[in-house]
Structures are given as C-alpha cells and as structure tokens.
Amino acid sequence: MVKKEGGNPGEKRGSKTKDGGSTDESQTSYKNIALLCLMIFPSLFWLAAVGSDVMSNFGSVFGHISKALSVTGLLVIPVIAGYFIKPLRGFVKLLIPVLFAVLLLPTFHVYFCSPLQIKNENIGTQFSLKTTAAEFLQQACEDVCLNNSKIPSSYSMTLFTPRVSLKVKFSQIVDLNLTTSAMVGGEKLPVAKIVLLKSWRSVKGKYFALHIITRVPVKIKKFQEGLTAKQGMILSGRMENIPTDLKNLRSELEKQRHFLRPFILEVFRATLMEE
C-alpha cells in the first residue's frame, strides 16, 4: 500500500490565473506598482511646477542678446572645436556636462533660496520708488542669498523667479476695505482682498510712505485673522508687474497722493507672527 503524504493543513496555496501565473504574485506586483506611483508622482508634480516656472522665464535669459550669446557660446564653441580638432574630442566630452552644470547652478541656487525672507520696513530704505519687480527680485536675491554663498553664481543666468516672504507689522498694513469679485454662475463672489504695504523712505530730509499693492485671496483665512487680531504677518507670494486689471486702481490711489511702486505682491500664504 502506498501512503499519500498529506500537506500542511496551515499552508495556503496560491491559486493559478488563466495565464498560469500566481494570484499572490499578481497582487504583489500591483502593490509594488502602487508604491512606485506614490514615490514618483510627488516628484513629477515638483518637476512640473519648477519646469513651468523655468519655461516662463526663458525670455529673461534668451531675450537679451548678450545673455543669449554667452549661453550659446559656452556650449557651441567647445562642440565646434571638438569636431574640427580631433585631439580635443575626448576633452570636449568631459567638458560639456561640466558646462551644463555651470549653467544650471544659478537656477538651482535661486530655487533653494526661495522664498526670500525680507523685512517690509527695510524695503523703503533699500529700494527707490521706481524700482521694477525684476530689479527688486535681483537685488533682494543677491543681498539675501547669492552674495553670502560660498559658491559664486550669477542671478542674470537663472531661469527661476524667486518668491518672497515679507515680514509685515500690523501698523504697516493699509486696509482699503476693497475686495475684488467675479461672476460665477450668475452670482457675484468675492475673490481677493486688496491692501497696501507701507514702508518709509527719506528723501532730502523728509520721510515719505511708499506702498506696495498687495492682493490676498479671500480663501487665505489667516490674513483676515491677522487683521482682526491686529497682528503682524509673514506674507509669502510673487512679485510681479501691476496687472492690467489693477492699473485703474493704481491711478485712483495716485490721485489720492499715495506713492505706489510699479509692482504688486500676489500672496499665496499668510502666517501670523509675534511682533
């Protein structure tokens, strides 16, 4: 008599799929794919965000002839030299990656310095009334970040626009009691609150208040909480030229003898702070 060997009753056997594969193996592969997606997607979103900003700033570098020639020359001249001079080809293969790294260094440097931490009260003394958004960002980035770095890099070669975080005291916020709105589904809904950020500048012994138009979306509840509590805030956002929809407001405020800068702070985050 032949005795059959019984399997372990506690051992589970994986079922077979139609193509001969194990169900357990397929479940494991799905889990691995899901884990891989969780790891990759945040990086893809980060690259998309940075990439969109970089693409929008190509004009700041390649829009100027001197900058375009310097970038093109750094890459094209070694390639041409390596093509016509055979002894240099091996050297050029090593040089090209180094040149790419040198060109990308300012962009990464400015990106990791963003947002730039600036005290609103210092803007009046450091920047004249006619300072543009581009001039403001360049000088602020060089003062806060690049000049203090051990690795030299040029702001003029960066493809990234830094964000700013202004430390603003409550007394420096001028509430205009003005809110922009938009029609949504036939209903008028509030979109953003408009305020002025005030800083002082001395001109020939007299002090003048210089203002930055600031637009804060109503969905940022911390800003309204700060106004209600009369508390200072850190306002993080983008410095941009005054958009078309606010130029009429600028003209009206200038008629009221407000000194306004030619750029606006578009706020995307507000944080309460102790003064």
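**Exercise 1.** Is Cys 113 buried, partly exposed or exposed?

*Solution.* The model is predicted: local features need pLDDT of at least 70, side-chain atom pairs count only at pLDDT 80 or more, and totals for chains, interfaces and linings use all residues. Residues are numbered from 1 along each chain as its sequence is written, and side-chain values use heavy atoms, with hydrogens and water left out.

Step 1. Buried means under 20% relative accessible area, exposed over 50%, and partly exposed in between (1.4 Å probe, protein chains only).

Step 2. Cys 113 has a relative accessibility of 23%, so this residue counts as partly exposed.

**Exercise 2.** Determine which cysteines form a disulfide, and describe the bond.

*Solution.* Step 1. A disulfide is a pair of cysteine sulfur atoms within 2.5 Å.

Step 1. The sulfur atoms of Cys 113 and Cys 145 are 1.7 Å apart, and the two residues form a disulfide. The count by this rule is 1 disulfide.

Step 2. About the S-S bond of Cys 113 and Cys 145 the torsion is about 45°, so the disulfide is right-handed.

Step 3. Cys 113 belongs to helix α4 (residues 89–113), while Cys 145 belongs to the loop between α6 (133–144) and β2 (164–168); the pair therefore ties together parts that are 32 residues apart in sequence. Helices (H or I, at least four residues) and strands (E, at least two) are DSSP runs, numbered from the N terminus.

Step 4. Cys 145 has 7% relative accessibility and therefore counts as buried.

**Exercise 3.** Describe the surroundings of Ser 165.

*Solution.* Step 1. Ser 165 is located in strand β2, and with 2% relative accessibility Ser 165 counts as buried.

Step 1. Contact means heavy atoms within 4.5 Å. Not counting residues up to four places away in sequence, Ser 165 touches several residues, among them Pro 115, Ile 118 and Ser 236.

Step 2. A polar contact is a pair of N or O atoms within 3.5 Å; within protein, one must be able to donate a hydrogen and the other to accept it, and residues adjacent in sequence count only if both atoms are side-chain atoms. The side chains of Ser 165 and Ser 236 make such a contact, at 2.7 Å.
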